[in-house]
Amino acid sequence: YQRRVRDLSLDPKPTTNVNMMTSNSSSSMSLLGSSFTDLLTPTTATVHPIYHDGDLNRISLPPKISSIVTGHARLFNRVQSLANDGLLALYFNKILKDDEVIVMLYINNESATTVSKITLTLNQTSKFELVPFASQLSGPAQLSLPTLSPRSTEIVLIKVNEVNKDFTVSSIVGSINYSTTTTNATSKLGVNILLQVSEFIRPVPEITTPAFAQHWPTHTAELQTDIRRADITTIQILQADFKNRLQLHPVAITGVAAIACGCILKDRTRLCLVHGELKPGTTAGLAKIRIRTNSRAFTDHFAHQLIERLQLTQLP
């Protein structure tokens, strides 16, 4: 069935269908799995309101939202369920852009009852910018929505463009309080969305082999690990994993070794250098990985996520 979502009155023109497949994102989709087509597969909509047909992975966005989330989007992932109490349900997905990570938070009224006095409050443990649409900001980390009609959705964008100095990225934590027009009872749903350092890694295409060699000795925080996965049978496969699973720039392949480079968003002072080689004389699928950055915390956090992603036989 189709659910009509509240008229956000954002633009007098008809809703623009959004297809987030871009030329520089299509080669990266395997990082987040190939079990979906597009994050925002367009539905047929002829009026302003957002439409969805019970599947939030099929949605059309008003122009004001689509202009923010499209363009230079590297990756995007499937809408995930966050919380649901039978009346209000929360969903989210992430969009990885060159200079920021955008979390799209969907506040969905699943019921046939109008929900009122909705307040979203987030802890300011990490730096972010809230971008509301039908709701109103009541503080840098708080917004309110007077009512949410039955079977309708409000979308809030949470834009994160900075990683903490210790290279940890705190979860987006908070809560949503609301009441219903029939009972006036107050209910609460928790918000906890994990952000990982690896989601802020971007390729550095200008790094060449000589430049990589020049940076290597100055980035002394190193971690070495072995990765075993049966299908890593060639160095080309390993280099493709660096690119598709980790969003690193594949610098070069020399013999049995592959080198790749990334950085935190556009910050070229925070490089991540990765060297991988297939271990000769051992069972196929065993690779030795060396990771170097200029910060022990950066190396440790990224290495943990690198190991996790490279060892998966199939990405979620």
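This is a predicted model: local features need pLDDT of at least 70, side-chain atom pairs count only at pLDDT 80 or more; totals for chains, interfaces and linings use all residues.
Serine 116 stands opposite threonine 147 in strand β10, and this pairing belongs to a contact in which 6 bridges join strand β7 (residues 115-122) to strand β10 (residues 142-148), the two running antiparallel.

- Taken together, the open sheet has 5 strands in the order β9-β10-β7-β12-β13, with antiparallel pairing.
- Because β9 (136-139) and β13 (186-193) each have a single partner strand, they stand at the edges, and one side of each is left without a neighbour in the sheet.
- From one strand to the next, the twist averages 25 degrees.

- In soluble globular proteins, nonpolar side chains tend to be buried together.
- The largest nonpolar core in this model has 55 residues, of which Leu122, Phe242, Val274, Ile289 and Phe302 touch the most other members.
- Helix α4 (residues 296-311) gives the largest share of this core, with 5 residues.
- Leaving aside residues up to four places away in sequence, phenylalanine 242 touches Gln247, Leu248, Ala258, Ala260, Val274, Gly276, Ile289 and Leu310.
- Phenylalanine 242 is one of the buried residues of helix α3 (residues 235-244), which also include Ile235, Leu238, Gln239, Asp241 and Asn244.
- These buried residues of α3 pack against the strands β16 (249-254), β17 (257-264), β18 (267-278) and β19 (286-293), and against helix α4.

**Salt bridges**

- Side chains of opposite charge can pair when their charged atoms come close.
- The structure holds 9 salt bridges, and in one of them arginine 268 pairs with glutamate 206, with the closest N and O atoms 2.7 Å apart.
- This pair links distant parts of the chain, since arginine 268 lies in strand β18 whereas glutamate 206 lies in the loop between β14 (201-203) and α2 (209-215), 62 residues apart.
- Arginine 268 is partly exposed, with a relative accessible area of 36%, and glutamate 206 is also partly exposed, at 45%.
- Arginine 229 forms a salt bridge with aspartate 231, where the closest N and O atoms are 2.6 Å apart; arginine 229 is buried, with a relative accessible area of 3%, while aspartate 231 is partly exposed at 37%.
- Arginine 245 and aspartate 241 meet through their side chains in a salt bridge of 3.5 Å, N to O, and both of these residues are buried.
- Arg229, Asp231, Asp241 and Arg245 are linked in a network of salt bridges.

- A disulfide is a covalent bond between the sulfur atoms of two cysteines.
- The count of disulfides in this model comes to 0.
- For cysteine 263, the closest cysteine sulfur is that of cysteine 261 at 7.2 Å, which is too far for a bond, given that the sulfur atoms of a disulfide must lie within 2.5 Å.
- Cysteine 272 also has its closest cysteine sulfur in cysteine 261, at 7.5 Å, and this too is too far for a bond.
- Cysteine 263 counts as buried because its relative accessibility is 0%, and cysteine 272 likewise counts as buried at 0%.

Conventions:
Residues are numbered from 1 along each chain as its sequence is written. Side-chain values use heavy atoms; hydrogens and water are left out. Two strands pair if DSSP finds at least two bridges between them. Helices (H or I, at least four residues) and strands (E, at least two) are DSSP runs, numbered from the N terminus. Axes are lines fitted to C-alpha atoms, for helices over the stretch in contact, and angles run from 0 to 180 degrees between N-to-C directions. Buried means under 20% relative accessible area, exposed over 50%, partly exposed in between (1.4 Å probe, protein chains only). A nonpolar core is a set of buried Ala, Val, Leu, Ile, Met, Phe, Trp, Tyr and Cys residues joined through side-chain atoms within 4.5 Å. Contact means heavy atoms within 4.5 Å. A salt bridge is a side-chain nitrogen of Lys or Arg within 4 Å of a carboxyl oxygen of Asp or Glu.
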